[in-house]
Amino acid sequence: MPTITIDNKKVEFENGMTVMQACELAGAEIPRFCYHEKLSIAGNCRMCLVEMEKAPKPIASCAMPAGDGMVIKTNSDTVQKARKGVMEFLLINHPLDCPICDQGGECDLQDQALHYGFDKSRYEENKRAVKNKHMGPLVSTIMTRCIHCTRCVRFSTEVAGVDDLGLLGRGENAEITTYLEKTIESELSGNVIDLCPVGALTSKPYAFKSRPWELTKTETHDVLDGVGSSIRVDTRGKQVLRVLPRINEDTNEEWINDKTRFAIDGLSRQRLDKVYIKNENKLNVADWDTALNKIKDELNKRGKEKTITLSGKFTDAETIIASKFFLDGLGSNLYDCRFDNAQIIHNENESYKFNSSIHEIENADAILLVGSNPRWEASVLNSRIRKAYINNNCKVGVIGPDLDLNYSYTKISNSLIGLNDIKEKKSEFSKIFHNAKNPLIIIGTSAINNSEGASVLKLCADIAKKLPNYSSTFNPLNILNQDISRVGSLELGFVNKYFDKNFEENIKENVKINKPVIFLLGLDEIDPKNLEQAFVVYIGHHGDLNAQHADIILPSPAYTEKTSTFMNIEGRVIQTSRCHNPLGEAKEEWKIFRVLSDLMNCDLKFNNLNDVRKYLVDNNKNFLQILECNNTSNLSFASPEAITEHTIAYNITNFYMNDSISRSSETMANCTNEILNKEKAS
Amino acid sequence: MKHPGMTNKVYNISNDVFNWSEDNFNRVSEIIKKYPNSRQQSAVIPLLDLAQRQNAGWLSKTAIEKVAETLSMSYIRVLEVATFYSMFNLEPVGENFVQICRTTPCWLRGSDKLTKVAKEVSNSKLGETSTDNKFTIVEVECLGACCNAPMVQINDDYFEDLDEENFRKILIDLKNNKSINKGSQIGRQTSHPKRGNDA
């Protein structure tokens with residue numbers, strides 16, 4: 001390996017590295033503004049100057065390829081002087097408004113000015129002022145602060161795939177803007193706030209809310225989509241003030257989507273913080289004992305062995321296992337989590353997982369999307385597809401209605417019938433797909449939420465099994481679930497064949513005949529009309545659709561208020577942390593089921609969270625290793641089924657508001673109006 | 001320094017629509033052909049120039065959007081190019097776009113006087129268009145004809161070795177649509193010494 005000398009220290013580096021990367025290997029920290037690992041190199045801030053032996057002047061280390069035998073100094077007087085010069089130029093036009101700037105306290109420029117800035121200015125001319133630009137409901141701009149690093153422009157062009165931001169003019173007149181100040185139309189737009197090294201782009205909903213040192217920072221995971229992105233939640237008291245991404249190369253890289261970041265104001269609206277019992281069609285506040293005893297009476301009256309439990313979008317594995325054992329104790333196995341009617345092959349965990357892992361998308365050179373809009377279903381996953389499209393010229397084929405994806409794709413058909421074409425290798429795309437080295441199939445729930453669902457899975461497995469990269473260790477068949485709870489619930493067997501094929505219809509039938517007690521675990525996605533004759537116990541944290549029609553409401557904590565376990569779409573075990581105490585009287589669901597089990601003599605033996613987790617691991621070994629996923633590759637359910645005509649309709653109609661938290665969020669409502677409905681901002 | 005090519009604005013003056021004229025439409029495909037496959041976007045500068053010539057010397061919002069659509073580029077990418085180069089005017093200009101060089105050699109040789117003459121004849125301020133729409137007068141930095149200083153550029157042509165008198169005549173002739181002589185106004189061949197070969 002080639003070697004480079006940095007501050008008299010010899011280090012080996014890989015070919016293709018830049019001087020800056022080599023310096024980092026040697027442990028020398030280089031200040032920078034424009035350079036960012038995940039973006040292309042611009043080299044325009046000049047802050048990363050270092051001295052290279054035999055070079056007449058300092059070099060920009062971010063843009064200089066490291067060479068064998070180079071001698072670099074990162075801390076010499078020349079370097080210090082050069083960086084001081086750069087900093088003085090940067091500060092010439094930068095306003096002195098740190099006391100009123102939202103970036104204050106976590107600002108790259110502020111920090112680096114401490115090391116390289118002068119204590120007074122030698123500049124006597126007028127500072128320039130730049131008009132603020134409108135960029136939409138999420139990003140607030142104070143453009144005078146901009147230092148023209150162009151990170152935001154490179155992010156939106158390269159990662160988000162929307163050519164919305166640009167740098168107009170040059171020199172003194174340079175300014176960052178969107179074309180005619182249009183809204184940034186990307187679901188990843190919030191990331192430009194993190195990327196901005198100064199306070200030019202800041203968060204609009206978080207404006208003037210808090211200072212970074214006042215916040216309690218908790219490392220946890222997101223639950224608003226199936227990816228389970230790593231995030232940091234910043235709270236003050238019982239209020240979540242902001243969400244920032246953490247680096248996790250396996251799932252979200254460095255990005256999170258706008259819903260994850262901005263739907264948090266929904267966590268303090270419409271919250272269920274008390275127990276409610278319905279009396280004469282009106283929900284009245286009650287206490288836990290009364291409510292639980294009423295549930296006990298109803299269970300005995302209506303027949304406890306008929307009880308149904310249905311889980312929603314945010315149900316954690318602890319809740320699933322507790323409610324499952326509770327129902328088993330009652331003598332019922334009518335539990336399910338597939339409220340969107342997505343079909344699975346029973347006892348085959350490859351039929352509902354993202355088997356290839358999210359990271360593998362980067363290596364793909366052909367991807368077949370079946371009834372999936374990854375841009376809305378898993379935005380950070382979609383940015384990986386875009387990465388493959390850019391780096392490997394990945395060809396994407398779509399079976400389903402037209403989509404607005406940020407890469408070009410080949411449309412195969414509107415209906416599932418296109419799968420027959422792939423099987424028979426007739427069309428242009430199917431030839432490309434079968435000849436590719438690393439093809440992947442991604443099936444969205446919109447393709448399998450019908451009675452044909454199981455056949456679609458079987459056929460796709462059959463196609464996957466014949467792909468060149470299929471092996472006993474690599475499985476190119478992927479199912480893209482939209483909810484964080486789904487894979488974990490299915491892993492734990494929280495599913496019943498009774499609800500196959502037509503979920504809503506089966507429930508409707510059952511309710512009509514049995515009039516059972518139904519536990520809804522935060523489930524708002526089914527029609528309350530179908531539940532009218534049942535006794536509905538809603539356990540959840542938001543007063544959404546089904547809570548209003550419930551007979552009893554039991555409040556539970558939201559994802560930022562409890563530590564719980566989930567499995568993301570890949571089957572990767574993630575654990576969220578409690579960022580602040582639950583609101584009001586909310587109790588963790590497993591505690592509720594534990595008390596109910598005493599009342600009903602069901603013999604649940606756990607007494608604390610560790611006991612519940614022991615149940616969890618005993619029940620399914622895949623929960624043992626946090627942040628790992630053990631995926632198999634058998635595809636034993638593969639069979640060349642024939643698919644009949646079935647037109648696909650994507651099941652997400654509004655990315656910004658498709659769960660109870662984001663439906664309660666004002667920010668998300670603004671996004672819906674301005675970005676989706678194109679209403680002008682007031 | 002006010003200059004229609006040095007602004008980041010983009011707008012339409014009325015509801016004009018910009019479409020390539022038939023001639024220019026053919027030239028567009030000629031120009032694009034010069035660039036290798038999948039590199040057609042490199043034609044953005046010649047196309048912006050063509051659009052500016054067709055659109056009375058400036059690029060309106062619709063003209064920029066037309067160029068973007070012709071090359072399948074996003075609007076902001078084309079606007080970045082149009083705002084970067086001062087040769088692309090983003091505000092309407094008069095029939096004669098007069099750029100007076102004011103960098104040191106021309107300034108020493110009397111460019112200030114030329115500016116004064118231009119203001120008088122056009123009856124307008126620097127950076128503005130005269131009411132009869134005949135002139136837009138701007139001052140610019142070096143145009144690279146220093147040995148024949150002072151000089152101005154009017155539309156595509158250079159006028160060199162100027163003084164108040166001959167410059168006034170040029171402007172008045174332009175105002176009255178008379179023909180004028182380009183280049184050196186004292187008969188100098190390119191940048192030869194003033195007195196011929198005896199220097």
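In helix 8 of chain A, the residues A317(A), E318(A), I321(A) and A322(A) meet V612(A), R613(A), Y615(A), L616(A) and N619(A) of helix 19 of chain A. Contact here says that two C-beta atoms, placed from the backbone, lie within 7 Å. By class, this contact has six nonpolar, one polar and two charged residues. Nonpolar covers Ala, Val, Leu, Ile, Met, Phe, Trp, Tyr, Cys and Pro; charged covers Asp, Glu, Lys and Arg; the others, Gly among them, are polar.

This is a predicted model: local features need pLDDT of at least 70, side-chain atom pairs count only at pLDDT 80 or more, and totals for chains, interfaces and linings use all residues. Residues are numbered from 1 along each chain as its sequence is written, while chains are lettered from A and ligands numbered from 1 in the order in which they are written.

Back to the two helices. The axes of helix 8 (residues 317-330) and helix 19 (residues 609-619) of chain A come within 9 Å and cross at roughly 80°. Axes are lines fitted to C-alpha atoms, for helices over the stretch in contact, with angles from 0 to 180 degrees between N-to-C directions. Helix 8 and helix 19 of chain A are therefore roughly perpendicular, a label for angles of 65 to 115 degrees. Helices (H or I, at least four residues) and strands (E, at least two) are DSSP runs, numbered from the N terminus.

Next, K562(A). Is K562(A) buried or exposed? K562(A) counts as buried because it has 24 C-beta neighbours inside 10 Å. The cut-offs are 20 or more other C-beta atoms within 10 Å for buried and 12 or fewer for exposed, with partly exposed in between. K562(A) sits in the loop between strand 24 (552-555) and strand 25 (564-567) of chain A. Leaving out residues up to four places away in sequence, K562(A) touches P557(A), R578(A), P582(A) and E588(A).

Now the contact between the chains. Chain A gives 13 residues and chain B eleven. On the side of chain A that touches chain B, strand 7 (165-168) and strand 8 (175-178) each supply at least two residues. Strand 7 of chain A has the largest share, four residues.

Last, chain B itself. Chain B has seven helices and five strands, in the order α-α-α-α-β-α-α-β-β-β-α-β along the sequence. Of the 199 residues in chain B, 36% are buried.

Terms used: Parallel < 35°, antiparallel > 145°, perpendicular 65-115°, else oblique.
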